[in-house]
Amino acid sequence: MAKDPILQVETTCGSLLYELQVIIWDEVGETETDRDKMLLELERECLEVYRRKVDQANRCRAQLRQAIADAEAELAAICSAMGERPVHNTRQSDQSLGSLKQELGTILPELEEMQKRKTERRNQFLFVLEEIENITNDIKGQGELVLPKPPIDETDLSLRKLEELHCHLQALEKEKSDRVETIRKHLCTLYSHCSVLGMDFNEVVSQVNPTLTDPEGPRSLSDHTIDTLDAAVQKLREVKIQRMQKLQDLATTMLELWNLMDTPIEEQQEYQHITCNIAASEHEITQANSLSQDFIKYVEAEVVRLGEVKASKMKELVMKKRSELEEICRKTHMLPVSDSAMDQTIVAIESGIVDATLVLEHLEQHISKVKEEALSRKEILEKVEKWLSACDEESWLEEYNRDDNRYNAGRGAHLTLKRAEKARNLVNKLPVMVEALASKTIVWEQEKGIEFLYDGIRLLSMLEEYNLLRQEREEEHRRQRDHKKLQGQLIAEQEALYGSKPSPSKPLGGKKAPRMSTGGAATSRRLSLGAGMHQTPKPNKKADQRQAEGALSTGRRGLDVAGLPSRKQSMDPCEQLQSPLTRKPFSPISTTVVASKANIATPQQLVPSSKSNAVNEISSFATPVKNNNIIKNLEEEKIMMMMQTPKNVAAMIPIPSTPATISVPMQTAPTPLNNNNNARFLPEKAEVIEYSFEERRLAFMLQSESPIHV
Amino acid sequence: MSQPPPSAGRELANPPSDGISNLRFSNTSDHLLVSSWDKRVRLYDVSTNSLKGEFLHGGAVLDCCFHDDSSGFSVGSDNKVRRIVFNVGKEDVLGMHEKPVRCVEYSYAAGQVITGSWDKTVKCWDPRGASGPERTQVGTYLQPERVYSLSLVGNRLVVATAGRHVNIYDLRNMSQPEQRRESSLKYQTRCVRSYPNGTGYALSSVEGRVAMEFFDLSEAAQAKNYGTFATGGCDGFVNIWDGNNKKRLYQYSKYPSSIAALSFSRDGQLLAVASSYTFEEGEKSHEPEAIFVRNVNEIEVKPKPKAYPNPAA
């Protein structure tokens, strides 16, 4: 028999009770009351136990219910949070599926499921949110701002929300990448700018944000960074533009200077790469270091150098203009600008105080003014030149007329004759010339209202002075002529007195007056003593030769005389009118007879002969001239004479001795006019250049051979 | 036109057509070398009175001299110094001056040609020098003035210039003159000739005087031994002088024109006289040029003691 547990229990209890009641108590003999009490207690205890158990069971049941409710609630919560319907909607229907335990049994797995899902979902959220956080942090900046992790909104774990978050994440990702890109671009630009500007890229970047320097590591993407970076880029761009403009200005200046100074193309080549960018815009300049400080300095230096070259050229130009000005003034005989003023200006230019261009302008103006004035002076200046050269010819003519040897056919005599003729013509025209010039000058002065200056002197004064001189000179000439006439008269008187003819009046055979000047050191200026002996060194060929050695020697030796050629002899061969002051060579002073020793008859015959022409020539002979022994020579000469063969002494030989008295007054040569008033006259020269016969002959020969006649 | 008397000497045929600047007898024969303003140098054989050779130069020939019987030297206004070779008729230029060359001498002692020029230099030339003027010139010596005359004797060279300067050189040392003098004559120096005995030189001036000078300046050497010499002047006369006795020994009859040059032959028997206008009065009409060669009689040139008059000849 299977005992029903409860039955079992009941049996047990019964038995127990039996035991108790019947056995025990009886044995014990409990009272009824006690028995009742114990039975009541027993019942009570048993009730208690029942009650406890029932309570427990109740409680279980309640727990279950609660659990189910909880589970259901949780499920609902989860579902609502997740926005999903639960798998099973057990709560909706009243229909219980079974017992509580069964119910629970079904709910729990659902719940578990949902919880799993929720967790999953939650994880997703977490993930996204973390991502978001990361990115946000990235965006906001490393170490700059760490935002607290935003809490998950547990109530909304819906897909929708997840979606939202995803979108947000994407957005953020995009933003981040945008920023990265921006930064990259900026960095590129920056790099380019730095390269162009010659700056250290890393340094610049690190100043913006240190994290940017490391291409691998995390970078700040913050607004600040980007802004700063942007600002840096902008700034560098500005700098670039600035420098570029400066460089372009320099290039422009360079081009101007090159243009101004015609710089050769080779020099320009070097800077071609700069000047080609002269109109470039900012973005076109990309070459490394093309705008670096150093480079700009380099270009600047070149511009400065060119500027200096220009300055010096300007200076040169100024000098050139200045000399141009001086030249014009000189040519037109105007007084030039004072030098000191110009020198100061030059100094000022050099020290940069004064701008050369201004000075140049000034000079140009001055030059054009001067040119104008020069033009107005031109006509008069031409006339002045003519007048001056006429004056030169006049003074040349004066001197020429004084030269005795001017008819010698020496070198260029042919030419000087022509020149003399021209000069005479010119001199005749001089007064008219001067008059015309003066009147023109006066007119000019009236028109211009200023004096006409020639090298600082008033032209009219010069002309006046000249006129005065001319008058003086003419007077002087007149005086001389008168004086000569007087002299002539005196000598003619003596002639009458002493019967000697101091000088022959006409030479034979159309001979000209003696012409050869004394040689070498013997100047022609010494006074002659003894009746104006005119010594010529030339041995005369024909009739006019005189043997006057004796007188000559004595006269000379004692008194160191040389003949003074007359300056006023006219050279017309026909005239032959010698000044009584001059003598033909070797003409006897007097023809007194030789003293005692003379055995020669012939000399006697000669005494009265005053016809110098009749005398044949006597050979000139040499005496030893070493000793200046007058007497000895005289003796010897006499002997020489004696020794002559009759053949040679066919004609009469006058043998002059020293005249006892020198009766002819001492002669003074007409001193040439002192014409040094007119500054144009050359100073008188004492020496005359000697020429040998051969030299003269050669000169003549060459002239006649040459087809050109002046 | 005056005819010279017969004693004037034999007139040479084919004289130059323009002024004669100089004539020289050869040292070895009776050949006469004549230089002329007609630009030619002529060689005459006096004994046969024939023209042996003629050289045409670029300008007036101002001087000439013999080297030996086959060649000589000539200088002139074309500034050139030439050697002329007679038989072959060829000439070559030894060198040049810068201006006309006035004188030329040949020094046997030094074996050199010496020229004086109006370019104020005296130049020495070696005629054996290789071709080309550069190689032949031995030296050039600046003078104070234009050279008018030169003379050689032994190792001495006397140079007379314009301005009456006289330089005396020793040919062995030309670096500077042995003596520098001034002519004692007051007028332009015309001609200088050394004494054959080498003790001094004669200097003549355009006045017509001749000064006798000695190289040795000591007293003892002076006033000794002038010897006899001939002078010719523009008066057309040739005079022979006794220097010691200071007398004129002889005067030849007047020649038609100025005496341009004189030359004694090697034995002194002949005197060549160039009668040719020397331009002392400039350009004028004149007698034609003529060369006379006369015998020199002893009586004409022998010194005579003093006080005896010359017997009329």
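Among contacts in chain A (heavy atoms within 4.5 Å) between residues at least 6 apart in sequence, 78% join residues at least 24 apart. In chain B, residues 24 or more positions apart account for 41% of the contacts with a separation of 6 or more.

This is a predicted model, in which local features need pLDDT of at least 70, side-chain atom pairs count only at pLDDT 80 or more, and totals for chains, interfaces and linings use all residues. Residues are numbered from 1 along each chain as its sequence is written, chains are lettered from A and ligands numbered from 1 in the order in which they are written, and side-chain values use heavy atoms, with hydrogens and water left out.

**The two chains**

The table sets out the totals for each chain. Helices (H or I, at least four residues) and strands (E, at least two) are DSSP runs numbered from the N terminus. Buried means under 20% relative accessible area, exposed over 50%, and partly exposed in between, with a 1.4 Å probe and protein chains only. Accessible areas come from the Shrake-Rupley method with a 1.4 Å probe; for residues, only the protein chains shown count as cover.

| Chain | Secondary structure | Buried residues | Accessible surface |
|---|---|---|---|
| Chain A | 17 helices, 2 strands | 38% of 710 residues | about 41200 Å², 55% from carbon and sulfur atoms |
| Chain B | 2 helices, 26 strands | 61% of 313 residues | about 12300 Å², 48% from carbon and sulfur atoms |

**Helix packing in chain A**

Helix H4 of chain A (residues 159-197) packs against helix H3 of chain A (residues 100-140), with axes that come within 9 Å and cross at roughly 25°. Axes are lines fitted to C-alpha atoms, for helices over the stretch in contact, and angles run from 0 to 180 degrees between N-to-C directions. H3(A) and H4(A) are therefore roughly parallel to each other; angles under 35 degrees count as roughly parallel, over 145 as roughly antiparallel, 65 to 115 as roughly perpendicular and the rest as oblique. Their crossing is left-handed. A crossing is left-handed if the near helix is turned anticlockwise from the far one by less than a right angle, and right-handed if clockwise.

On the H3(A) side, the contacting residues include Phe125(A), Val128(A), Leu129(A), Ile132(A) and Glu131(A). On the H4(A) side, they include Leu162(A), Leu165(A), Leu169(A), Lys161(A) and Arg179(A). The residues of this contact divide into 11 nonpolar, 4 polar and 8 charged. Here Ala, Val, Leu, Ile, Met, Phe, Trp, Tyr, Cys and Pro count as nonpolar, Asp, Glu, Lys and Arg as charged, and the others, Gly among them, as polar.

H4(A) also packs against helix H5 of chain A (residues 201-208), at an angle of about 135° and with the axes 9 Å apart. That makes H4(A) oblique to H5(A), and the crossing is right-handed. Leu187(A), Leu190(A), Tyr191(A) and Cys194(A) of H4(A) meet Phe201(A), Val204(A) and Val205(A) of H5(A). The division for this contact is 7 nonpolar, no polar and no charged.

**Individual residues**

Leu459(A) is found in helix H13 of chain A, residues 459-498. At 0% relative accessibility, Leu459(A) counts as buried. Leaving aside neighbours within four places in sequence, Leu459(A) is in contact with Ile380(A), Val384(A), Leu437(A), Thr441(A), Phe452(A) and Tyr454(A). Thr441(A) is 18 residues from Leu459(A) in sequence, and the two are 7.7 Å apart in space, C-alpha to C-alpha.

Two residues other than glycine have a positive phi: Asp455(A) near 50° and Arg164(B) near 65°. Asp455(A) sits in the loop between strand E1 (453-454) and strand E2 (457-458) of chain A and counts as partly exposed at 44% relative accessibility. Arg164(B) sits in the loop between strand E15 (156-161) and strand E16 (165-170) of chain B and is buried, with a relative accessible area of 7%.

Also in chain B, Ile240(B) belongs to strand E22, residues 238-242, and is buried with a relative accessible area of 1%. Ile240(B) and Phe229(B) are 11 residues apart in sequence and 5.6 Å apart in space, C-alpha to C-alpha.

Ser692(A) touches residues of chain B. It lies in the loop between helix H16 (630-643) and helix H17 (693-705) of chain A and counts as buried at 2% relative accessibility. Not counting residues up to four places away in sequence, Ser692(A) touches Trp118(B), Tyr148(B) and Gln188(B).
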